[in-house]
Amino acid sequence: FRKEKIMKEIDVYVVNPVDQTVLKQKMPNDNSLDWAYHVIKCDTVTMTDYPCDKVPSKYLQVMLDDNGLLHNNQRYWRFKDMSHTVNNAYAGIGIITGFDYETGALADNPLDLEQMTAEIEFMEEGYDEEPMMQFAFMGS
């Protein structure tokens, strides 16, 4: 019988483009997204990887409102280096966590506040992105 350490909370950063803040917070690590829904103010989240050489796993995980691009008067933020992603900017509040690729679990974000803040850029009020959808034909 192997007893694993169960982490009840993980360190995350909450990015708020309206007040242009990056805050370190504790997120319950209970396999529920209720806390994320409350913080992001949504009912469906999408998660995406962000490559980051400053962390051991080489990736951070970003949680966002799945319908964020559909809201009017949305505010945006981005990582300063988005050259390797399909996104130009993220819409609305985001939660940035660490990620353990061996277990597939969310983990503590290993960056300190200064490092995390240095990675983030807030877009000017009025910046806008159109939702994009692509369809790919699969098969012969």
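Analyst: First, a cut-off: buried means under 20% relative accessible area, exposed over 50%, and partly exposed in between, with a 1.4 Å probe and protein chains only. This is a predicted model, so local features need pLDDT of at least 70 and side-chain atom pairs count only at pLDDT 80 or more, while totals for chains, interfaces and linings use all residues. Residues are numbered from 1 along each chain as its sequence is written, and side-chain values use heavy atoms, with hydrogens and water left out.

Glutamate 129 sits in the segment after β9 (120–122); strands here are DSSP runs of E, at least two residues, numbered from the N terminus. Glutamate 129 is buried but has no salt bridge (a Lys or Arg side-chain nitrogen within 4 Å of an Asp or Glu carboxyl oxygen). The nearest side chain of opposite charge, arginine 78, is 7.0 Å away. What glutamate 129 does have is a side-chain polar atom 3.1 Å from the backbone nitrogen of alanine 89. Beyond neighbours within four places in sequence, its contacts (heavy atoms within 4.5 Å) are Leu69, Tyr76, Asn88 and Ala89.

Now the rings. The whole structure has seven aromatic pairs, with ring centres within 6.5 Å and planes over 60 degrees apart counted as edge-to-face. Tyrosine 76 and tyrosine 127 are edge-to-face, because their centres are 5.2 Å apart and their planes at 70 degrees. That pair links strand β5 (residues 76–79) to the segment after β9, 51 residues apart. Tyrosine 76 is buried at 1%, whereas tyrosine 127 is partly exposed at 26%.

Terms used. Helix = DSSP H or I, 4+ residues; strand = E, 2+ residues; numbered from the N terminus. Lys, Arg positive; Asp, Glu negative; His and termini not counted. Polar contact = N/O pair within 3.5 Å; in protein donor to acceptor, adjacent residues only side chain to side chain. Phe/Tyr/Trp six-rings, centres within 6.5 Å; stacked < 30°, edge-to-face > 60°.
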